[in-house]
Amino acid sequence: MASIAVCPGSFDPVTLGHLDIISRGATVFDKVIVAVLNNRNKQPLFTVEERVELLRQTTNQLPNVEIDSFNGLLIDYVKKKNANAIIKGLRAVSDFEYELQMASINRKLDESVETFFMMTNNKYSYLSSSIVKEIAKYHAPVSDLVPDIVEEALRKKYAFSS
Ligand code: PNS
């Protein structure tokens, strides 16, 4: 049976930290499906379509990585895709409490799906989409934090704000 993992998240926008986890996950699993949450309660900077497109362009060199979006419960999406694992990145101990809660509830909902945690590369341990947006909003460079096309997309979003 092929091992298929779902790597879920908001990806608003994708950072080098996310890409580190996705590319390393792709060396462990036969297929990795990066799933962008379409959360109508949140006010994202990028639309789901834009987030999916940025992920597609920044992972197109990884043949076993697929990009998709989902609504509702993650575990339902994982089952719909016939996946057997969830991959999450952990940056620091502070991430652990929330991720443990998520992994535990997902395990309660379906025991057959395992959650795998990967430690983020140390050089990205401080990095988050929120921090990237905060920096880009004030027109400071984010070139060490996101791929070039994401930096360009951020520049366009914040072109007329200060
Ligand atoms: O990048 P994020 O915002 O930390 O990603 C969070 C995400 C999308 C992984 C999480 O919010 C999620 O799985 N949402 C789907 C709803 C769900 O299944 N929640 C858990 C059971 S209450």
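## Secondary structure

Helices and strands are taken here as DSSP runs, with at least four residues (H or I) for a helix and at least two (E) for a strand, and both are numbered from the N terminus. By that assignment H139 lies in the loop between α5 (129–137) and α6 (148–157). The model is predicted.

The protein chain contains six helices and five strands. Read from the N terminus, their order is β-α-β-α-β-α-β-α-β-α-α.

## Overall dimensions and packing

The radius of gyration of the protein chain is 16 Å, which agrees with the value near 15 Å that a compact globule of 162 residues would have. Along the principal axes, the C-alpha atoms fill a box of roughly 50 × 30 × 30 Å.

Of the 162 residues in the protein chain, 43% count as buried. Among contacts with a separation of 6 or more, 75% come from residues 24 or more positions apart.

## Surface and charge

The protein chain has an accessible surface of about 9200 Å², and carbon and sulfur atoms account for 53% of that area.

The chain carries 19 positive and 20 negative charges. The mean position of the positive charges and that of the negative charges are 3 Å apart.

## Backbone exceptions

Most residues other than glycine have a negative phi, and most peptide bonds are trans.

P13 sits in the loop between β1 (4–9) and α1 (16–28).

## Residues with positive phi

N82 counts as exposed because its relative accessibility is 62%, and the cut-off for exposed is over 50%.

With a relative accessibility of 47%, H139 counts as partly exposed, the class between the buried limit of under 20% and the exposed limit of over 50%.

How values were computed. Residues numbered from 1 in each chain as written. Predicted model: local features only at pLDDT ≥ 70, side-chain atom pairs only at ≥ 80, totals over all residues. Heavy atoms only, no water. Rg over C-alpha atoms; globule rule 2.2 N^0.38 Å. Buried < 20%, exposed > 50% of the residue type's maximum accessible area, 1.4 Å probe, protein only. Contact = heavy atoms within 4.5 Å. Areas by Shrake-Rupley, 256 points an atom, 1.4 Å probe, with all protein chains shown as cover. Lys, Arg positive; Asp, Glu negative; His and termini not counted. Charge placed at Lys NZ, Arg CZ, Asp CG, Glu CD.
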